[in-house]
Structure formats: structure tokens, C-alpha cells
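Please look at the model below with the helix in mind, and follow the text from there to the chain as a whole.

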Amino acid sequence: MKTKTVINIFINEAHFKVDSDSATGRELKELAGIPASNLLFRDLPGQQEDPPVPDDEPVPLKSGDRFYDMPQGNFG
């Protein structure tokens, strides 16, 4: 019997456990209760630019991944 993999991620500093190694931006927003109109970003360490997480494309997940959202138009 295969055990489920549990992946620990953080969205806006809140801890979530997921059992899939990928998710769309829409799924991550729903999980964290983020408005669908907000943009979601993967928080990368260091000074590199944080990439947006698309609503309709799965992105790979691994334990320790961090994400945050931002209302559209709040750049700069």
C-alpha cells in the first residue's frame, strides 16, 4: 500500500499541508482563501525576481515552498 506524500507549503506565512506534488495558482488561492483576482507569486530566496504562479497551469510543489499574493495593480 502506497502512503500519501504530504508536502508542507506556506502561503502568506500560513502553513498548509497538501498531498499533491503540483497545483495551479487557482487551487493554491482557493486553499488559502485568496481572492481569485489577486496575483500569486512563488517566494524565491535572495534577490532574484519572484515568478508569478499562473491560475491555469500546474506548478511543481515541494516542502518548504513559499507563496504570497498581491492585488493586481500594486507594483512598484
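In helix H1 (residues 25–32), the buried residues are Gly25, Leu28 and Lys29, where buried means under 20% relative accessible area, exposed over 50% and partly exposed in between, with a 1.4 Å probe and protein chains only. Because these residues cover an arc of only 100 degrees around the axis, they lie on the same side of H1; the arc is that of the directions from the helix axis to the C-beta atoms. The buried residues of H1 pack against strand E1 (7–11), strand E3 (22–23), strand E4 (39–42) and strand E6 (66–70), a contact being defined as heavy atoms within 4.5 Å. Just after H1, glycine 33 takes a positive phi of about 70 degrees.

This is a predicted model, in which local features need pLDDT of at least 70 and side-chain atom pairs count only at pLDDT 80 or more, whereas totals for chains, interfaces and linings use all residues. Residues are numbered from 1 along each chain as its sequence is written, and side-chain values use heavy atoms, with hydrogens and water left out.

One of the strands that H1 packs against, E6, also holds arginine 66. Arginine 66 is partly exposed, with a relative accessible area of 32%. Not counting residues up to four places away in sequence, arginine 66 touches Phe10, Glu13, Phe41, Arg42 and Asp43. Between arginine 66 and proline 52 there are 12 Å in space, C-alpha to C-alpha, while the two are 14 residues apart in sequence.

Turning to the whole protein chain, its secondary structure comes to one helix and six strands, and from the N terminus on these elements run β-β-β-α-β-β-β; helices (H or I, at least four residues) and strands (E, at least two) are DSSP runs, numbered from the N terminus. Of the contacts in the protein chain with a separation of 6 or more, 56% are accounted for by residues 24 or more positions apart.

How does the radius of gyration of the protein chain agree with that of a compact globule, and what is its value? With 76 residues such a globule would have a radius of gyration near 11 Å, and the protein chain has 13 Å, which agrees; the radius is taken over C-alpha atoms, and the globule rule is 2.2 Å times the number of residues to the power 0.38. Along the principal axes, the C-alpha atoms fill a box of roughly 50 × 30 × 20 Å. Of the 76 residues, 29% count as buried.
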